[in-house]
Amino acid sequence: MKNVIKIIPKSMIGATLPGNSTVEMKEFEVPTPGFGQVLVQTKASTICGSDIRAIYREHTGKGAEGYIPGMIAGHEPCGVIVKEGPGLKEFKTGDRVIVYHISGCGVCYNCRMGYMIACSNPTFRQAYGWQRNGGMAPYILCDEKDLIHLPDELTYKDGAQVACGFGTVYEALEKIGICGNDAVLVTGLGPVGLATLMLAKAMGADKLIGVEMNDYRIDLAKKLGLVDYVFKPSDHTVQDILDVTGGKGVERAIDCSASDAGRQTCVRASKEWAKIALVGEGNTMTLNPSPDMMHSQKTIYGSWVTSTWKMMDLVDRLVRWNIHPGDLITDEFPIEKADEAYALMASGKCGKVAVVYPD
Ligand SMILES: [Zn+2]
Ligand SMILES: [Zn+2]
């Protein structure tokens, strides 16, 4: 391969989210990596539902989801290291990397478990694209400890999908365990729900069932071959699911809809002893504990993002399974058109939306 020396510019244009459903492009200095840090040239940066929910429309996020106004948005970046700071232990210039999207303190209980998402130190916990600059700019300053090697078999778009969505889904599926014994129900077929189906299929699930109201997303799930059955939410959704599972319900269910109704469907359309995972964020869940959970011996798992080590496992599995998370990206934009990218994601008439950068 030919080595091309790339000139790193002094400044760059990055996308910020003022909180009124617009994107503001601003000029930033290209940062210089300090001790234990690298400069990553961004290659792909996908937009998350949480960006729309907590930042784009309004700055509603608090704590972990609090956005510092003026920060470069984008917490799902993937790229290549172009400059090294001193003191690196593992990564070097030229390495293709996924950025785990939260930089934690490194020494609290959750950080030591690899779950920097749940870092308990509010001073040092910083999410890329929320409390420190993220991937919606040509360069991103990263801490080495937040990086995951991107295998050669995976594209930068695959890597961006792993940085948040696929990692989150893999964690939840690992918690409930998926195998060829299982019919799997996914409520809500946005990008996270589609990712859930894609991974559940790769893990051997026997029957894949989706519930979704958006026609575009129903068609997309069918086109990608990710569902055996898909139902629109109605007053007979639970019965529809029972009808295609021998009257017994699914062994595993994952809620990606974040709606009370979707969660109830997961619980009530699942079989005795079922395992259910909650992935969609926000809203409430209304249950009748005795019939819904206790007498039917069901378990509900909460799951929030993933750990760095599980993300390393996931990229290995993606190569082994020969599947590409980037296949769920339906629309791509250059950074100059970031406003169109966010507007499309907010409209819901899309699968995953990505900002991609030229080589
Ligand atoms: Zn995300
Ligand atoms: Zn921590």
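Two residues are in contact if their C-beta atoms, placed from the backbone, lie within 7 Å. The model is predicted: local features need pLDDT of at least 70, side-chain atom pairs count only at pLDDT 80 or more, and totals for chains, interfaces and linings use all residues. Residues are numbered from 1 along each chain as its sequence is written, and chains are lettered from A and ligands numbered from 1 in the order in which they are written.

**Exercise 1. Overall form**

Task: State what share of the contacts with a separation of 6 or more joins residues 24 or more positions apart, and compare the radius of gyration with the globule rule.

Solution. Step 1: residues 24 or more positions apart account for 70% of those contacts. Step 2: the radius of gyration is taken over C-alpha atoms, and the rule is 2.2 Å times the number of residues to the power 0.38. Step 3: for 359 residues a compact globule would have a value near 21 Å, and the protein has 20 Å, which agrees. Step 4: the C-alpha trace spans about 65 × 40 × 40 Å along its principal axes.

**Exercise 2. A strand and its partner**

Task: Find how many residues of strand 8 are buried, and in which sense strand 8 pairs with strand 3.

Solution. Step 1: strands (E, at least two residues) and helices (H or I, at least four) are DSSP runs, numbered from the N terminus. Step 2: a residue is buried if 20 or more other C-beta atoms lie within 10 Å of its own, exposed if 12 or fewer, and partly exposed in between, with C-beta atoms placed from the backbone. Four of the five residues of strand 8 (residues 139–143) are buried. Step 3: strands pair if DSSP finds at least two bridges between them. Strand 3 (residues 37–46) and strand 8 pair in the antiparallel sense over five bridges. Step 4: V40 stands opposite I140 in strand 8.
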